[in-house]
Amino acid sequence: MDEKFLNFFNRYFDNAYRYVFFKVGNKWDTDDIVSEAFKRVYENFSNIKSSPKVYLFVTLQHVITDYYRRKKNFCLEDSYKDFYSYDLEEIFVEKEELNTLKKALKTLNKEELELINLRFFSQLSFKEISTVLNKSEGALKMQCKRIIEKLRVHIKKYSEGGKI
């Protein structure tokens, strides 16, 4: 296997895995989707003209879309409800904060969740996100700022005992 691709794989595997897991919510399907995406990237690696990282995330989006098309009775919004698993110790230590964050994330629409996922869970730059989502960097920065403020308001509300 090409050393350049192996370095690429090692560098971006965790970000890709978090991105997919956030969207599908289970390890088995995440493993399959990430494997398929990296396989497709590997097959075209020498022909990639743009950023390989951006190409990977666009490929991940396509594989995830294919996955949901195969699941006929599945609602895409449901994929965001239970998005992350934690070790048992972390659940007990951070349960209150995690529940507050989950409640706040549930207030976001699909597009807002996608931006938060790409920016914070997958650690893409705004430039990379703009290529993946085909939107301007400036618009994404402003949208992200508004989403963070929206989350801040909801987190404060839920921390003070408010309900959804």
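F5, F8, F9, Y12, F13, Y17, F21, F38, Y42 and F45 form one aromatic cluster.

Trainee: Before we dig in, what kind of model is this?

Mentor: It's a predicted one, where local features need pLDDT of at least 70 and side-chain atom pairs count only at pLDDT 80 or more, while totals for chains, interfaces and linings use all residues. Residues are numbered from 1 along each chain as its sequence is written, and side-chain values use heavy atoms, with hydrogens and water left out.

Trainee: Which rings pair, and how are the pairs classed?

Mentor: Rings of Phe, Tyr and Trp (its six-membered ring) pair if their centres lie within 6.5 Å; planes under 30 degrees apart are stacked, over 60 edge-to-face, and the rest tilted. By this rule there are 16 aromatic pairs. Take F5 and F8: their ring centres are 6.0 Å apart and their planes sit at 40°, so that pair is tilted.

Trainee: How are F5 and F8 placed in helix α1?

Mentor: The general idea is that an α-helix has 3.6 residues a turn, so residues three or four places apart point the same way. F5 and F8 are three residues apart in α1, separated by about one helical turn. Helices here are DSSP runs (H or I, at least four residues), numbered from the N terminus.

Trainee: Is F5 buried or exposed?

Mentor: Buried means under 20% relative accessible area, exposed over 50%, and partly exposed in between (1.4 Å probe, protein chains only). F5 has 3% relative accessibility, so F5 counts as buried; F8, at 6%, counts as buried too. F5 also pairs with F45: the ring centres are 5.2 Å apart and the planes at 85°, so this pair is edge-to-face. That pair links distant parts of the chain, with F5 in helix α1 and F45 in the loop between α2 and α3, 40 residues apart.

Trainee: What does F8 touch?

Mentor: Contact means heavy atoms within 4.5 Å. Leaving out residues up to four places away in sequence, F8 touches F38, V41, F45, P52, K53 and L56.

Trainee: Which residues have the most contacts inside the largest nonpolar core?

Mentor: In soluble globular proteins, nonpolar side chains tend to be buried together. A nonpolar core is a set of buried Ala, Val, Leu, Ile, Met, Phe, Trp, Tyr and Cys residues joined through side-chain atoms within 4.5 Å. The largest one has 42 residues, and F8, V20, L56, F57 and L60 have the most contacts inside it. Helix α1 gives the most to this core, with ten residues.

Trainee: Now α2: which of its residues are buried?

Mentor: D29, T30, I33, V34, A37, F38 and V41 are.

Trainee: Where is Q123 found?

Mentor: In the loop between α5 and α6. Phi of Q123 is near 60°, a positive value in a residue other than glycine. Q123 is partly exposed, with a relative accessible area of 48%.

Note on methods:
Helices (H or I, at least four residues) and strands (E, at least two) are DSSP runs, numbered from the N terminus.
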